[in-house]
Amino acid sequence: MSMKATVTPAPRRTKTLLLTIIGEIMVPVKHSVWQEVLVECLGTLDVTVAAARQAVARAVGDTWLTSERIGRRSLLTLTEETAAGLAEGRERTWNFGKPREWDGQWLFVALTVPEESRALRHHFRTELAWLGFGSLGNGLWISPHTENEKATLKLLGSSDGPSDAFVFSSAQAASHTPRELASAAWDLAGLRQRFDTFCERFENERPQTPGQYFSAWIDMHTSWRHFPLFDPELPDRLLPRDWPRHRAVQLFHERNAEWTPPAMAFFDGLEAESQA
């Protein structure tokens with residue numbers, strides 16, 4: 001796997017950062033925020049004013065937020081659907097990395113999606129990954145999370161589901177060990193690199209000013225909330241003994257406890273300035 005870092009396009013990065021700000025501040029604390037405060041928050045993260053305003057406008061256009069004109073200012077409020085979706089994702093992110101027991105049983109899926117239906121293929125790959133599945137190729141997927149059986153059946157039985165989809169529960173492999181299956185279905189080397197990169201970056205991060213605390217806090221949450229998309233949270237018995245997830249989980253919670261108070265104080269300061 002290539003070790004070369006990839007460059008994230010600016011618009012995508014801005015949208016991702018905005019989503020983190022909304023998820024970590026507006027969902028648990030404030031459902032309504034002045035537009036200029038969100039723009040200033042993004043500015044702290046090295047986003048230009050023009051790009052920040054465009055991202056906020058798109059968030060309104062995509063119905064993440066509603067905008068209410070009050071005098072010369074705009075008050076942005078979370079829609080119920082956005083708040084519910086972000087709250088669900090936030091809960092999974094916060095619970096990510098907890099130790100899991102495993103009874104040795106696999107959930108197995110075989111499905112066929114036409115090659116020309118690329119959008120549908122991408123949809124099911126993403127949703128199955130979110131449910132903890134890994135791909136063995138040729139439409140074969142496995143997961144140690146048998147508790148997701150109902151969610152898997154619901155996904156594959158939806159109106160846009162594939163016509164040929166089969167789900168098997170309590171499956172066991174006769175030809176490979178559990179660790180061999182895990183290595184075949186998931187890119188463990190790439191996942192290890194993600195964890196190592198996260199740890200190296202945030203172990204060495206030393207913010208000094210309130211703005212730096214806010215920037216580091218949002219950057220860390222942005223990185224962390226992507227892990228459930230890439231990490232199926234395989235049980236420890238399927239992983240190498242020196243697996244770095246435990247170190248990363250501990251680091252995330254330690255840094256969050258340390259950085260949240262000054263980061264929120266910085267945000268509150270921006271709000272106070274906007275109302276002065």
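**Close-up 1. Lining of the second largest pocket.** Sixteen residues (16) line the second largest pocket, and those nearest its centre are R92, R100, W130, N148 and E233. A pocket is an open set of points on a 1 Å grid over the protein atoms alone where a 1.4 Å probe fits, with protein on both sides within 12 Å along at least five of seven lines; lining residues have an atom within 4 Å of a point. The model is predicted: local features need pLDDT of at least 70, side-chain atom pairs count only at pLDDT 80 or more, and totals for chains, interfaces and linings use all residues. Residues are numbered from 1 along each chain as its sequence is written, and side-chain values use heavy atoms, without hydrogens and water.

**Close-up 2. Space and composition of the second largest pocket.** The second largest pocket holds about 370 Å³ of space, a volume being the space filled by probe spheres set on the points. Helix α4 (residues 80–95) supplies four lining residues, the largest share; helices are DSSP runs of H or I with at least four residues, and strands are runs of E with at least two. The lining comprises seven charged, five polar and four nonpolar residues.

**Close-up 3. E233, a residue with positive phi.** E233 lies in the loop between α10 (227–230) and α11 (245–275). Its phi is positive, about 55 degrees, although E233 is not a glycine. E233 counts as buried because its relative accessibility is 5% (buried, under 20% relative accessible area; exposed, over 50%; partly exposed, in between; 1.4 Å probe, protein chains only).

**Close-up 4. N138 in a loop between strands.** N138 sits between β5 (134–137) and β6 (140–143), with a positive phi near 60 degrees. At 79% relative accessibility, N138 is classed as exposed.

Notes:
Ala, Val, Leu, Ile, Met, Phe, Trp, Tyr, Cys and Pro count as nonpolar, Asp, Glu, Lys and Arg as charged, and the others, Gly among them, as polar.
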